[in-house]
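Visitor: I have the sequence and the coordinates open on my screen. Could you walk me through them, question by question?

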Amino acid sequence: MKSAREIAHFLDEYCTLLELGGADTFRTRAYANAVRIFENFSGDLEDVIERDALTEIKGIGKSMAALVGEFAREGTAQAYEKLRADTPQGLLDMLRVPGLGPRKINAIRSALGIEDLEALAAACRDGQLDALKGFGKKTQENILKGIDHIKRYQDRSRADVARQSAHLLVEALKAHPATQRVEAAGSLRRRRETVKDIDIVLSSTDPESSTNCFVEHESVSEVIQRGQTKSAVRLHGGIQVDLRVVSDVEFPYVLHHFTGSKDHNVALRARANDMGMKINEYGLFKGEERIECVDEKAFFRALGLDFIAPELREGIDEIEAAASGNLPELIREDDIRGMLHLHSTYSDGADSIAEMAAAVQERGFTYMGMADHSQSAAYAGGLKVDAVKRQWDEIDALNETLAPFHIFKGIESDILSDGSLDYEDSILEQFDFVVASVHSQFNLDRDAMTERFLRAIDHPTTTIIGHLTGRLLLDREGYELDHEAVFEMAAKKRVSIEVNAHPARLDLDWRHIRQAHQAGVLISINTDAHRLSGLDNLTYGVGCARKGWLASQDVLNTLDIDGFRHFLRDRT
Ligand code: DGT
Ligand code: CA
Ligand code: ZN
C-alpha cells in the first residue's frame with residue numbers, strides 16, 4: 001500500500017503530465033489541491049483506502065478517489081500509464097531542466113515546434129527564444145547549462161538507489177538453492193557515491209537455473225543479454241545489472257576482478273608480475289598452476305598483502321600500505337555512539353524531538369544532538385530566539401526522563417555571506433554545540449568562499465562545519481574552495497568537519513576526507529536526519545568515511561557520552 005507522501009508525489013506527476021498535454025487550469029487545479037491534501041494528510045490512510053472511503057476526505061471527488069485508490073493498491077494507474085505513454089519522451093526530458101515547467105515547455109513547443117533537449121539546446125544557442133516572452137539571454141544561458149548538466153549525469157545513479165536495487169536481487173539469488181556465494185561487486189561494493197551499473201558475481205551448482213532466477217526477477221524490465229556465464233538486465237528504475245556466474249573455485253578471483261577498481265587491478269597485476277605470478281579474471285597463477293585461494297583474504301595473502309577493504313581499492317596507495325602493514329582499521333557502523341545534527345518539527349523536520357530521541361535510542365545510540373535551522377533560514381523554518389528557548393526547555397524536560405540518554409542542545413547556524421554566524425554571541429554561547437553550514441549565496445568566488453569558511457571556523461562557538469561544499473550528487477556541483485586552507489584552520493581551531501551521510505550529499509567527499517584527516521581534522525559523521533527514516537542514512541556516511549581511510553578514533557561521534565562532553569568542554 002502506498003503512503004500519503006507517495007500518493008502526493010504521484011498526483012503531482014500526474015498533474016504535470018496533464019499540463020504538458022495542454023489541460024486547462026480548471027482541470028489541473030483539482031490535482032494540485034489533491035497533492036496538498038495528501039502532503040498534509042495525517043489520519044490512517046490505509047484504513048480509508050481499504051474502506052473505499054477516500055471521498056470522505058474533503059476536496060477528493062469520485063474520479064480522484066478512483067485514481068488514488070488504484071495507485072495506492074496497484075502501485076500505478078491505467079490513466080497515468082496512458083498519459084505517460086502519450087507524452088513524447090523529449091518533453092519529459094525537458095522537464096528535468098531547472099526552471100522549465102510544463103507551461104514554459106508548452107510555450108516553447110507551440111511557438112517553435114521544439115520537442116526534445118537537442119532541439120532546445122540548438123534554439124538557445126541561436127537565441128531563437130529571444131522572441132518569446134520571458135526567455136531572455138540569461139534564461140537561455142541557464143537552460144543550456146541545465147541541459148549540459150543533464151547530459152553529464154544521465155548515465156549514473158546514486159549509490160543508495162543502486163544499493164537498494166542490488167539488495168533485492170542479491171537476496172533473491174541468495175535464497176536460490178543452487179547458489180553457493182553471491183555478492184554485489186563493482187563501484188557499489190567500493191562504496192562510490194554514484195555508480196554506472198550494478199555488477200553481481202555468483203557461484204552456483206546450477207548456472208542455468210540461477211540465471212533464470214536473475215532474469216525473471218520482478219525488478220527486471222528488460223533482458224539485454226542472457227548467456228552461460230554472463231547476463232545483463234535493465235531494471236524498472238533504468239539501471240543496468242551485469243551478472244557473472246562462475247564455479248565456486250573461481251568465485252574469489254572473479255569477485256576481486258569485478259570489484260575493481262580498474263586502477264587497483266592494474267597495480268595489483270603489476271605486483272603479481274614482479275612476484276613471478278599472473279592475475280587474470282579467473283585466477284592467480286604461477287606458471288600454469290592456479291594458486292588456491294578460498295576467499296579474497298587468501299588471495300591478498302598469496303600476494304603478500306593484508307586484506308584490502310573494497311572501499312580502499314581505488315588504486316591510490318592501498319597496495320603499498322597493505323604490503324607494509326599500514327592499512328587503517330576502518331571505522332564500522334557500530335563504532336558510532338551518538339547522532340549529531342538532527343532536525344525536528346521546530347524547523348523543517350517531520351518528527352518531534354521526543355520521536356527522534358526514541359528512534360535514536362532504539363537504534364542503540366547513547367546520545368544525540370539537535371541542530372535545527374537558525375533564524376535566517378526562513379526557507380526552512382529557522383528558529384527565532386524565542387523558539388530556541390522553548391526548544392531548550394523541551395530538551396531539558398526530555399533529558400530528565402531519558403537519562404542516561406542525553407540530548408545535546410545544538411543549532412545548525414547558517415554561515416552568512418560574510419562568514420558570521422546567525423545569532424548574537426550571547427545566544428550562540430548557550431548551545432552545547434553549533435553546526436555551521438552554508439545554505440545561501442553559493443555563487444561567491446573561490447577566495448570569498450574560502451574566507452567565509454575561515455571566518456566561520458574561527459568563531460569561538462563553532463563546533464562542526466556542515467556539508468562543506470554544498471554539492472548535491474548528480475544535481476549540483478559543490479562550490480570552489482581552498483580545501484587546504486579550510487582544513488588547516490579547522491585543525492588549529494579544533495573544529496570538526498562533517499561527513500554528511502545523506503546519499504545526495506556525502507559531503508565531505510571521500511577524496512578530501514583523507515586530506516582533512518592528514519591535516520589533523522576530526523571528522524564527524526552526521527545523518528542530518530529530517531525525519532526518523534533519515535537516521536538510516538548513517539550507513540552511507542560510514543561507507544564514505546571508510547573510503548576516506550578513517551578509523552574509529554578519527555571520528556568525533558564515536559566518542560562515548562563522557563568523551564563527547566569532555567570534547568565540548570575542552571574546546572571552550
Ligand atoms: P562504474 O563506472 O560505477 O560501473 O564503476 P565500476 O568500477 O563498477 O566499473 P565497471 O562496471 O565498468 O567494471 C567493474 C570492474 O571490472 C572494474 O571496477 C574493474 C574491472 N574492470 C573493468 N574493465 C577493466 C579493465 O579494462 N582492466 C581491468 N584490470 N579491470 C577491469
Ligand atoms: Ca559497475
Ligand atoms: Zn541540517
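Visitor: How many helices and strands are there in the chain?
Guide: Helices (H or I, at least four residues) and strands (E, at least two) are taken as DSSP runs, numbered from the N terminus. This is a predicted model, in which local features need pLDDT of at least 70, side-chain atom pairs count only at pLDDT 80 or more, and totals for chains, interfaces and linings use all residues. Residues are numbered from 1 along each chain as its sequence is written, chains are lettered from A and ligands numbered from 1 in the order in which they are written, and side-chain values use heavy atoms, with hydrogens and water left out. On that basis, the chain holds 24 helices and 17 strands.

Visitor: What is the radius of gyration of the chain, and why does it count as compact as a globular protein of that length?
Guide: The radius is taken over C-alpha atoms, and the globule rule is 2.2 Å times the number of residues to the power 0.38. For 572 residues the rule gives 25 Å, and the chain comes close to this, so it is as compact as a globular protein of that length, with a radius of gyration of 27 Å.

Visitor: What percentage of the residues of the chain count as buried?
Guide: Buried means under 20% relative accessible area, exposed over 50%, and partly exposed in between, with a 1.4 Å probe and protein chains only. Of the 572 residues, the buried share is 52%.

Visitor: Which residues of strand E16 point the other way from Ser496, Glu498 and Asn500?
Guide: Strand E16 spans residues 496–500 and is mostly covered, with 5 of its 5 residues buried. Ser496, Glu498 and Asn500 point one way, and the residues that point the other way, also buried, are Ile497 and Val499.

Visitor: Which residue in E16 is the bridge partner of Ile465?
Guide: Two strands pair if DSSP finds at least two bridges between them. Strand E15 (residues 464–465) runs parallel to E16 and is joined to it by 2 bridges. Within this pairing, the partner of Ile465 is Ile497.

Visitor: Which strands stand at the edges of the open sheet of 3 strands?
Guide: The sheet has the order E8-E9-E10, with antiparallel pairing. Each edge strand has a single partner strand, so one side of each is left without a neighbour in the sheet; these strands are E8 (278–280) and E10 (289–290).
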